[in-house]
Amino acid sequence: MESEMPSLPAASRPALRHVLTHLVTPLLMCLGMGVAYLSAFHAPAPHRLPVAVVGQGPQARELAQTLQDKAGDRLDVTTVADSDAARTRLLDRELVAAYVPGGEAPSLLVATANSETSASAAEKVFTAVAAHQGKPLAVQELTPLPAGDPTGQGLFFLLVALSIGSYGSVAVLGAAGAALAMRARALLGLGVALVVSLLGAALAGPVFHLVDHGLFGLWAMSWLYSAGIIAIGTALHTFLGRWTTLTMMVLFVMLNFTSSGGIFQPELQNGFYGALHSFWNGAGFLEGVRDHVHFGGRAGLGGHVVTLFGWLAAGAALLVLAARTERARALAAAPGPDAGEPAEEEMEEAVGV
């Protein structure tokens with residue numbers, strides 16, 4: 001006797017279509033995260049890694065040229081006059097490593113706080129050079145890291161925490177706070193950013209000891225970073241509705257974490273993420289904090305702070321545009337969303353968080 005598959009009641013079909021439509025967002029998140037993270041991190045390789053050979057004589061120049069010829073575009077090899085000049089360029093973050101040949105044990109000057117992975121890549125290159133000369137390589141660290149962050153990557157995970165606290169708050173401000181005027185939402189956003197930044201500073205300082213000085217500057221940059229994300233997200237909710245969370249994840253997770261320099265610097269990534277690194281807000285925060293905490297603000301701190309202010313200014317401009325749009329909609333007496341939509345938006349945005 002043939003059995004028949006039960007058919008879906010007609011009354012349930014709209015509900016099924018509704019569920020399937022909302023499943024598009026998490027599936028796109030899965031695809032986007034996979035593409036972004038794997039394209040950024042799956043095969044790191046040096047690309048014009050800036051290193052130097054210390055010395056003024058023909059031997060130093062010959063060694064630098066030999067390294068450049070063998071490495072091709074993987075390295076960018078120059079020479080510097082002496083160790084003091086090499087230290088200056090390393091602390092200005094112009095070099096990843098500087099090789100000092102000669103003597104019983106040639107040495108390699110590195111500043112790991114710039115990037116642990118880039119320093120490790122340079123160390124592998126010059127360990128092979130020293131071994132070819134039959135000598136051991138001595139590594140000299142110029143920027144000792146705190147005991148709470150021996151690899152220097154703890155600041156990247158602080159960036160992750162600040163980002164999630166910021167874009168997660170957008171779901172509440174945009175959906176649950178939709179009945180409030182845009183000015184009220186903007187002020188609430190500033191308050192939320194303050195709380196997020198204070199939590200971040202507490203985690204980085206007294207809780208996990210990622211930094212042992214410069215905590216006030218880290219807090220200030222955390223506030224700028226968080227406020228920019230919340231302002232942009234709150235404004236975008238006016239235009240994108242339930243698609244805001246996916247957009248925020250693209251902007252502040254998929255493109256942001258991958259281009260921040262927290263795991264690999266641009267010289268170990270492809271050109272796309274290297275280009276984003278030059279102006280994206282995550283890179284502005286992370287490199288700004290590194291400059292401030294580990295390099296005394298000498299290696300471009302001002303430019304990174306300008307980047308954070310630029311993103312906050314973009315958020316402010318979008319808030320003004322969103323407020324005008326909402327006023328225009330109110331004047332036109334456009335029909336509002338049905339009663340269930342805010343709850344759906346909150347549910348879907350909670351999935352994103």
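**Helix packing and strands**

Guide: The crossing of α5 and α6 is right-handed. Keep in mind that this is a predicted model.

Visitor: Which residues make the contact?

Guide: From α5: Leu158, Leu162, Gly165, Ser166, Ser169 and Leu173. From α6: Arg185, Leu188, Gly189, Val192, Val196, Ser197, Gly200 and Ala204.

Visitor: What's the angle, and how far apart are the axes?

Guide: The packing angle is about 155 degrees, and the axes lie 10 Å apart. An angle over 145 counts as roughly antiparallel, so α5 and α6 are roughly antiparallel to each other.

Visitor: How many residues does α5 have, and what does it span?

Guide: α5 covers residues 154-176, which is 23 residues. First C-alpha to last is 33 Å, close to the 33 Å expected at 1.5 Å a residue.

Visitor: How many of its residues are buried?

Guide: 17 of the 23 in α5, so the helix is largely enclosed by the rest of the structure.

Visitor: Switching to strands. Which way do the residues of β3 point?

Guide: Ala97 and Tyr99 point one way, Ala98 and Val100 the other. All are buried.

Visitor: In what sense does β3 pair with β1, parallel or antiparallel?

Guide: Parallel, over three bridges. Tyrosine 99 in β3 is the bridge partner of valine 53.

Visitor: And with β4, parallel or antiparallel?

Guide: Antiparallel, with four bridges. Valine 100 has serine 107 of β4 as its bridge partner.

Visitor: What about the hairpin of β3 and β4?

Guide: Six residues sit between the strands. In that hairpin, glycine 102 takes a positive phi near 90 degrees.

Notes. Residues are numbered from 1 along each chain as its sequence is written. This is a predicted model: local features need pLDDT of at least 70, side-chain atom pairs count only at pLDDT 80 or more; totals for chains, interfaces and linings use all residues. Side-chain values use heavy atoms; hydrogens and water are left out. Helices (H or I, at least four residues) and strands (E, at least two) are DSSP runs, numbered from the N terminus. The expected span of a helix is 1.5 Å times one less than its number of residues. Buried means under 20% relative accessible area, exposed over 50%, partly exposed in between (1.4 Å probe, protein chains only). Two strands pair if DSSP finds at least two bridges between them. Axes are lines fitted to C-alpha atoms, for helices over the stretch in contact, and angles run from 0 to 180 degrees between N-to-C directions. Angles under 35 degrees count as roughly parallel, over 145 as roughly antiparallel, 65 to 115 as roughly perpendicular and the rest as oblique. A crossing is left-handed if the near helix is turned anticlockwise from the far one by less than a right angle, and right-handed if clockwise. Contact means heavy atoms within 4.5 Å.
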